Each structure stands twice: as C-alpha cells, then as structure tokens.
Amino acid sequence: MINGVLVGFLIMLVSIPVPVVHFIAVPISPFVAGFIGGGIAKTDEKTTIRFGLFMSLLMSIPGLLFILFRFIFGINEVFGITSDIFIVILLVLIPYTWFGSTIGALLSYIIRKNQEKT
C-alpha cells in the first residue's frame with residue numbers, strides 16, 4: 001500500500017507547479033492520485049478508507065511543518081498569506097484530499113472488480 005500512497009502523493013505534488021494547467025489539475029489531483037495509487041496498491045473495500053487516510057496524512061505534513069515553524073521561528077506569512085488563513089486553508093484541504101483520494105481508490109477497486117468478473 002505504501003507504494004500506491006507514495007505514487008498518489010507524487011501525482012498531487014507534480015500537479016502543483018505546472019503553469020496554467022494547475023488551475024484544473026490541482027482540484028482533481030486527489031481523485032486522480034487515489035485512482036492511480038489505489039490501482040497500484042490494489043485496495044479493496046476494507047483498505048480504501050485507510051488508503052485515503054494515508055494520503056491525507058502525507059498532505060498534512062507541509063502544514064504541520066509550517067505550524068511548527070510558526071511557533072519556533074515566529075514566521076507569520078507564507079506566500080503573502082497570513083499564518084491563520086494558511087492554517088484554515090490546510091484544515092479544509094486535508095479532508096478534501098482524504099475524500100478525493102478515497103473516492104478515486106474506491107472507483108479503481110470497482111473497475112478492477114468488474115474486470116475480474118468478465
């Protein structure tokens with residue numbers, strides 16, 4: 001499962017810096033990452049939610065590092081966004097990542113299950 005989670009995490013990270021395309025790629029990247037990563041991890045109905053949790057935990061690491069730097073070094077701004085707003089954005093994006101990657105992994109499982117029947 002770790003390989004699938006890491007591949008999905010890399011898919012989400014790669015979609016961020018691409019100019020112009022990132023406006024479309026970033027919102028759908030958790031779903032795409034869950035679909036591809038869930039296929040690699042071969043998730044089933046029992047491990048799909050755990051897969052999504054691992055993906056969202058990986059996406060929360062940059063936010064946790066920022067919160068840590070905020071309290072240790074006193075950094076109050078990132079990319080012109082105040083730290084309080086940045087923390088609220090992270091609190092919204094983590095469940096969004098969990099939901100998108102879980103749905104993507106579930107759809108990947110359903111497609112694999114239907115292909116096995118035929």
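The following legends describe an overview and close-up views of a predicted model of one protein chain. Local features require pLDDT of at least 70 and side-chain atom pairs pLDDT 80 or more, whereas totals for chains, interfaces and linings use all residues. Residues are numbered from 1 along each chain as its sequence is written, and side-chain values use heavy atoms, with hydrogens and water left out.

**Figure 1. Overall arrangement of the protein chain.** The secondary structure comprises 4 helices and 2 strands, in the order α-α-α-β-β-α from the N terminus. Helices (H or I, at least four residues) and strands (E, at least two) are DSSP runs, numbered from the N terminus. The C-alpha trace spans about 60 × 30 × 20 Å along its principal axes. Of the 118 residues, 33% are buried, that is, under 20% relative accessible area (1.4 Å probe, protein chains only). Among contacts (heavy atoms within 4.5 Å) between residues at least 6 apart in sequence, 70% join residues at least 24 apart.

**Figure 2. The bend in helix α2.** Helix α2 (residues 22-41) bends by about 55 degrees at S29, and the proline P30 follows within four residues. The bend is the angle between axes fitted to the seven residues ending at a residue and the seven starting there. Buried positions in α2 are A25, S29, P30, A33, G34, G37, G38 and A41; these buried residues pack against α1 (2-14), α3 and α4. An α-helix has 3.6 residues a turn, so residues three or four places apart point the same way. K42, which follows α2, has a positive phi near 50 degrees.

**Figure 3. The contact of α1 with α2.** The two helices pack at about 155 degrees with axes 8 Å apart; axes are lines fitted to C-alpha atoms, for helices over the stretch in contact, and angles run from 0 to 180 degrees between N-to-C directions. Helix α1 is therefore roughly antiparallel to α2, a term for angles over 145 degrees. Their crossing is right-handed, meaning that the near helix is turned clockwise from the far one by less than a right angle. In α1, N3, G4, V7, G8, I11 and M12 meet α2 residues including S29, P30, A33 and G37. The contact residues divide into 9 nonpolar, 5 polar and no charged. Nonpolar covers Ala, Val, Leu, Ile, Met, Phe, Trp, Tyr, Cys and Pro; charged covers Asp, Glu, Lys and Arg; the others, Gly among them, count as polar.

**Figure 4. The contact of α3 with α4.** The axes of α3 (residues 48-73) and α4 (residues 83-117) come within 7 Å and cross at roughly 165 degrees. These helices are therefore roughly antiparallel to each other. The residues of this contact divide into 14 nonpolar, 9 polar and 2 charged. The crossing of α3 and α4 is right-handed.

How values were computed:
Parallel < 35°, antiparallel > 145°, perpendicular 65-115°, else oblique. Buried < 20%, exposed > 50% of the residue type's maximum accessible area, 1.4 Å probe, protein only.
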